[in-house]
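My entries follow in the order in which I made them.

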Amino acid sequence: MSIAPEQYIALSAVLFFIGVVGVIVRRNPLIMLMSIELLFNAANLAFVTFARVWSNIDGHIFAFLVITVAAAEAAIGLAIVAVTFRRTPHVDVDEVAALRG
């Protein structure tokens with residue numbers, strides 16, 4: 001049984017939409033980071049799907065680049081969130097004033 005590329009692209013669009021909604025609606029920075037990861041993974045799915053359809057390796061290379069950027073974003077983002085919200089009982093990105101200098 002083979003899955004059509006249109007179904008992969010549809011799944012990628014759904015994941016991207018969920019990620020955008022998560023970034024816009026949620027105020028918890030951890031949820032926002034997870035939503036950004038969902039955006040990256042949706043883009044990766046689209047890149048790999050198009051690479052498979054067109055029998056080209058460029059999509060795979062872009063997917064590896066996106067994975068690298070996602071790993072760096074997760075490490076730096078989690079470190080900033082951990083330092084910023086270490087002493088507060090609740091986390092809300094609207095209440096962050098520590099990074100203003």
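pLDDT is the predictor's confidence in each residue, on a scale from 0 to 100. Over the protein the average is 90, and 95% of the residues score at least 70. I note that helices (H or I, at least four residues) and strands (E, at least two) are DSSP runs numbered from the N terminus.

This is a predicted model, in which local features need pLDDT of at least 70 and side-chain atom pairs count only at pLDDT 80 or more, while totals for chains, interfaces and linings use all residues. Residues are numbered from 1 along each chain as its sequence is written, and side-chain values use heavy atoms, with hydrogens and water left out.

Next I looked up the helix pairs. Axes are lines fitted to C-alpha atoms, for helices over the stretch in contact, and angles between N-to-C directions run from 0 to 180 degrees.

Helix α1 (residues 5-25) and α2 cross at roughly 160 degrees, and their axes come within 8 Å. That makes α1 roughly antiparallel to α2 (angles over 145 degrees count as roughly antiparallel, under 35 as roughly parallel, 65 to 115 as roughly perpendicular, the rest as oblique). The residues of this contact of α1 with α2 are 19 nonpolar, five polar and one charged. Nonpolar here covers Ala, Val, Leu, Ile, Met, Phe, Trp, Tyr, Cys and Pro; charged covers Asp, Glu, Lys and Arg; the others, Gly among them, are polar. I recorded the crossing of α1 past α2 as left-handed (the near helix is turned anticlockwise from the far one by less than a right angle; clockwise would be right-handed).

Helix α2 (residues 29-54) packs against helix α3 (residues 58-84) at about 175 degrees, with the axes 9 Å apart. α2 and α3 are therefore roughly antiparallel to each other. I count 17 nonpolar, four polar and two charged residues in the contact of α2 with α3.

I then checked the record. The unreviewed UniProt entry lists residues 6-26, 38-55 and 61-85 as "transmembrane region"; such annotations may be inferred rather than shown by experiment. Residues 6-26 are 95% helix and 0% strand, with end C-alpha atoms 30 Å apart. For residues 38-55 I noted 94% helix, 0% strand and 25 Å between the end C-alpha atoms.

Last, I looked up a residue of α3. Ile67 lies in that helix and is partly exposed at 45% relative accessibility (buried is under 20%, exposed over 50%, partly exposed in between, with a 1.4 Å probe and protein chains only). Its C-alpha atom is 14 Å from that of Leu33, 34 residues away along the chain.
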